[in-house]
2 protein chains.
Amino acid sequence: MSILVVGSVAFDSIETPHGKVDHILGGAATHFALAASYFTDVRVIAVVGEDFTPEHEAVFDRRGIDTEGIERAPGLTFHWTGAYSGNLNEAQTLGTDLNVFAEFAPKIPESYKDSEYLFLANIDPVLQARVRAQMPDVKLVCGDTMNYWIKDHRENLLAVLRTLDVLLINDTEARMLSGVDNIVKAAAAVMALGPRSLVVKHGEYGATAFFSDRAFAGTESRPFRAPALPLAEVVDPTGAGDSFAGGFYGYIASQPELTPAVFRTAMFYGGVMGSFAVERFGTQRIEAVTSDEINERFNLFREISHLDPLASGSGV
Amino acid sequence: MSILVVGSVAFDSIETPHGKVDHILGGAATHFALAASYFTDVRVIAVVGEDFTPEHEAVFDRRGIDTEGIERAPGLTFHWTGAYSGNLNEAQTLGTDLNVFAEFAPKIPESYKDSEYLFLANIDPVLQARVRAQMPDVKLVCGDTMNYWIKDHRENLLAVLRTLDVLLINDTEARMLSGVDNIVKAAAAVMALGPRSLVVKHGEYGATAFFSDRAFAGTESRPFRAPALPLAEVVDPTGAGDSFAGGFYGYIASQPELTPAVFRTAMFYGGVMGSFAVERFGTQRIEAVTSDEINERFNLFREISHLDPLASGSGV
């Protein structure tokens, strides 16, 4: 099944304790699409500037990602500058040059209209809503957001939340969105705003899925906890959350039906793709991972979290 | 098999968003012993004052805990005053009255000498070392400590660490003890100080076990992640870590041999007992939990973290 993702294709300038890179390919839609491409077909809606070259395009092409919906506009591509220090859990944004993104009006190519899975990556909720409205018949809608939209664009965000099946955010965002400190209560409050289920990402501690009684007809009331891999080296956390989303949603779209078991397995694949993403700067690792490596790491995630040894492997 | 635990039996005055209690029974050895008592025989070494009444003693008696090693001294029992706010992850210590604990010289009754498992709860490492030296032939030694000893009593603590098989600490303590921010590297550095394996507790995110090549003859090199239960109500986090340790070590002592599988299962029982502990103030919940409730919650921990449904339950 095809996933349509709308979000940013950007250039990132990043400094971490492991080094410094300038204007490398990044953006939520890029990280998401690359991670999801190992599981299913992916189509991208975004806008880039004149500095987006055939070499950048080739990164998508090599993974078979459909870029017909990446619009070329006069000017420069969206550029983010950020730095990480200490335990690399939180990015410090040093600069956000919206450039061509400032005037972005998402247009959906005809060939994308039959996409069954929609992912609204972290962008202005007004744009998320516009894409959502043009895809009324999709099978499943999953979305992401961030503190900036929660804080200063709340009404617009709430309109999007009402149309989502699954929301993926982190602990801080869940607390900020709900105004509740306890994460179980925060999850319930967030799901009351629209999403039938909620994935809360805990960074190095993994992620927890919460299900409302509208998810799986209320048969799945327990949360589900997926681990993250304890890593000795985190080179660059940029895109880890988007790669998690790509692995998670890509796996879901590769399955005939979204069952509780598929949702749980998808949480593990999210963690797997997130764990690869941080091993190198930008998209370097996720561009070049193999299916064997993904399967091997999936089994490792299972081994480090399951009481019983693995009976038989699952495959991409 | 019997566990000998040395640590504090204390009175706690605690304020949390759920209420306020004054001089209730607490202390690391108390929480540990109660949690471990559901799995195996427990013997306690501690000191209390004249304000420790038969009603307090009865809490231990009802759980079949051996209190011959709880010394009565003139004066008042150790008293801790603390408060929690916000998300209840960190206690704020408002007062520490050592009282009879200031002059505590642990004495091990003859009847305790055949204990095969030793637990050094969080007390002055000088006292931990003294007890350890008097129990040279135990099968396994597990210990706990805290930021205060790491920071200001480092040399004494290092002497204890050299004699430990398993150390249980939290993320902050592991980072402080090793001087390393990355938790995988911090774990390796801590294990180089003595413990063959290390359990790092992450509060509401569960716990991770790390194994050196001296644990299980190097056959177990992967870490292991155990979940915590997402809880809508945390009434009082005091003693959660000690209850985790009690469940963890109690289960280990109940098994014929410490294998990797036993270690993993013990991590789950640790989480289970920790999750009960926080449901009420002080020891109220752990005093009165049933084996059925423990088994039921163990299965819940398994269900919220395992990809496959549970085949057959494990039992206390």
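This is a predicted model: local features need pLDDT of at least 70, side-chain atom pairs count only at pLDDT 80 or more; totals for chains, interfaces and linings use all residues.

Visitor: Which residue of chain A does Arg302(B) pair with?
Guide: Arg302(B) forms a salt bridge with Asp308(A), and their closest N and O atoms are 2.3 Å apart. The pair joins two chains, because Arg302(B) lies in helix H11 of chain B and Asp308(A) in the segment after helix H11 (291–303) of chain A.

Visitor: Is Arg302(B) buried or exposed?
Guide: Arg302(B) counts as buried, at 12% relative accessibility.

Visitor: Which side chain meets Arg222(B)?
Guide: That of Glu303(A), in a salt bridge with an N to O distance of 2.6 Å.

Visitor: And within chain B, what does Arg297(B) meet?
Guide: The side chain of Arg297(B) meets that of Glu279(B) in a salt bridge at 2.7 Å, N to O. Arg297(B) lies in helix H11 of chain B and Glu279(B) in the loop between H9 and helix H10 (284–288), so the pair ties together parts that are 18 residues apart in sequence. Arg297(B) is buried, with a relative accessible area of 14%, whereas Glu279(B) is partly exposed at 22%.

Visitor: What about Glu293(B)?
Guide: Glu293(B) forms a salt bridge with Arg285(B), with the closest N and O atoms 3.2 Å apart. Glu293(B) counts as partly exposed at 27% relative accessibility, and Arg285(B) counts as buried at 10%.

Visitor: Turning to the interface, how many residues does each chain give?
Guide: Chain B contributes 37 residues and chain A contributes 36 residues to the contact. The area buried between them is about 3400 Å², and carbon and sulfur atoms give 51% of that area. On the side of chain B, Tyr205(B), Arg225(B) and Leu307(B) lose the most area to chain A, together 25% of what that side buries.

Visitor: How many residue pairs are in polar contact across the interface?
Guide: The rule finds 26 residue pairs, with both residues at pLDDT 80 or more. The elements that give two or more residues to the side of chain B include helix H6 (171–178), strand E12 (207–211) and helix H9 (260–277). The largest share of that side, four residues, comes from H11(B). The residues of that side divide into 16 nonpolar, nine polar and twelve charged.

Visitor: Now a loop: where is Asp165(A)?
Guide: Asp165(A) is in the loop between helix H5 (154–161) and strand E10 (166–170) of chain A. Asp165(A) is buried, with a relative accessible area of 15%. Its side chain reaches the backbone nitrogen of Val141(A) at 2.8 Å. Leaving aside residues up to four places away in sequence, Asp165(A) touches Lys139(A), Leu140(A), Val141(A), Pro195(A), Arg196(A) and Ser197(A).

Visitor: And Arg162(B), buried or exposed?
Guide: Arg162(B) counts as exposed, at 59% relative accessibility. Arg162(B) is found in the loop between helix H5 (154–161) and strand E10 (166–170) of chain B. With residues up to four places away in sequence not counted, Arg162(B) touches Leu193(B) and Gly194(B).

Methods
Residues are numbered from 1 along each chain as its sequence is written. Chains are lettered from A and ligands numbered from 1 in the order in which they are written. Side-chain values use heavy atoms; hydrogens and water are left out. Buried means under 20% relative accessible area, exposed over 50%, partly exposed in between (1.4 Å probe, protein chains only). Contact means heavy atoms within 4.5 Å. Buried area is the accessible area (1.4 Å probe) that two parts lose on being put together, summed over both. A salt bridge is a side-chain nitrogen of Lys or Arg within 4 Å of a carboxyl oxygen of Asp or Glu. A polar contact is a pair of N or O atoms within 3.5 Å; within protein, one must be able to donate a hydrogen and the other to accept it, and residues adjacent in sequence count only if both atoms are side-chain atoms. Ala, Val, Leu, Ile, Met, Phe, Trp, Tyr, Cys and Pro count as nonpolar, Asp, Glu, Lys and Arg as charged, and the others, Gly among them, as polar.
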